[in-house]
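The exercises below concern ring pairs and a chain-to-chain interface. Each task is followed by a solution worked in steps.

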Amino acid sequence: EDQVTQSPEALRLQEGESSSLNCSYTVSGLRGLFWYRQDPGKGPEFLFTLYSAGEEKEKERLKATLTKKESFLHITAPKPEDSATYLCAVHGAADSWGKLQFGAGTQVVVTP
Amino acid sequence: EAQVTQNPRYLITVTGKKLTVTCSQNMNHEYMSWYRQDPGLGLRQIYYSMNVEVTDKGDVPEGYKVSRKEKRNFPLILESPSPNQTSLYFCASSLSNTYTEAFFGQGTRLTVV
């Protein structure tokens with residue numbers, strides 16, 4: 001069975017203080033790893049999909065990277081509007097169509 | 001505007017009283033899913049559907065039913081709700097398969113007393 005573990009559970013940053021979130025996964029044949037952002041009281045919002053080790057994707061102050069065992073979401077010079085819970089999910093080769101396994105998330109708070 | 005719409009947003013009900021949470025998407029997506037989100041457990045898939053009349057169980061299907069009679073709608077039915085189904089529920093849709101962006105609804109916060 002797929003397993004996804006995110007760390008840390010919570011992260012408090014000063015504005016401009018760069019940091020990284022970790023997503024460790026166990027899956028039989030990774031088909032895709034996904035990052036989502038979730039604001040309080042709202043549904044998750046898609047950020048990135050990564051398919052193979054070595055792949056990187058960027059969007060504004062966010063950069064996602066992927067190895068064979070984990071993914072990192074780097075937040076560079078964060079702003080208060082980057083405060084949210086960041087979710088990681090995987091889909092493996094043994095999973096049926098539509099199956100996504102989510103981690104519990106990392107709650108990020110950026111203070112001015 | 002592309003969106004997934006859930007109703008109601010908030011619902012308080014009593015144990016055993018049947019309820020339906022509706023989900024509708026306007027993007028002509030084939031794939032739709034229901035998730036529940038609980039503190040510390042993350043999002044867990046309840047049911048998913050690959051197209052009209054094609055549904056399958058996710059990780060936590062017990063106590064729930066779904067149907068997919070039309071492509072745009074995917075209601076979640078709780079025939080006899082119990083307090084352990086108190087949770088935040090999300091509907092999601094995606095275009096063709098799991099490797100594409102999934103769009104989520106705004107969520108339905110359900111309390112069963």
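Rings of Phe, Tyr and Trp (its six-membered ring) count as a pair if their centres lie within 6.5 Å, and the pair is called stacked with planes under 30 degrees apart, edge-to-face over 60 and tilted for the rest. The model is predicted, with pLDDT of at least 70 required for local features and 80 or more for side-chain atom pairs, whereas totals for chains, interfaces and linings use all residues. Residues are numbered from 1 along each chain as its sequence is written, chains are lettered from A in the order in which they are written, and side-chain values use heavy atoms, without hydrogens and water.

**Exercise 1.** Find how many aromatic pairs the whole structure holds over all chains, and describe the geometry of the pair formed by B:Tyr35 and B:Phe104.

Solution. A search over all chains gives 8 aromatic pairs. One of them, B:Tyr35 with B:Phe104, is tilted, at 5.7 Å centre to centre and 40 degrees between the planes.

**Exercise 2.** Determine how B:Phe90 and B:Phe104 are arranged, and whether each is buried or exposed.

Solution. B:Phe90 and B:Phe104 form an edge-to-face pair, 6.5 Å centre to centre with 80 degrees between the planes. B:Phe90 belongs to strand S9 (residues 87–94), and the two residues are 14 apart. With buried meaning under 20% relative accessible area and exposed over 50% (1.4 Å probe, protein chains only), B:Phe90 is buried because its value is 0%, and B:Phe104 is buried because its value is 10%. Finally, ring pairs link B:Tyr35, B:Phe90 and B:Phe104 with A:Tyr36, A:Phe46 and A:Phe102 into a cluster.

**Exercise 3.** Characterise the interface of chain B and chain A by its contacts, its buried area and its salt bridges.

Solution. Taking contact as heavy atoms within 4.5 Å, 22 residues of chain B touch 22 residues of chain A. The buried area, which is the accessible area (1.4 Å probe) lost on putting the two parts together and summed over both, is about 1900 Å², 55% of it on carbon and sulfur atoms. On the side of chain B that touches chain A, strands S4 (31–38), S5 (42–51) and S10 (102–104) each give two or more residues, and S5(B) gives the most, with 5 residues.

Methods:
A salt bridge is a side-chain nitrogen of Lys or Arg within 4 Å of a carboxyl oxygen of Asp or Glu. Helices (H or I, at least four residues) and strands (E, at least two) are DSSP runs, numbered from the N terminus.
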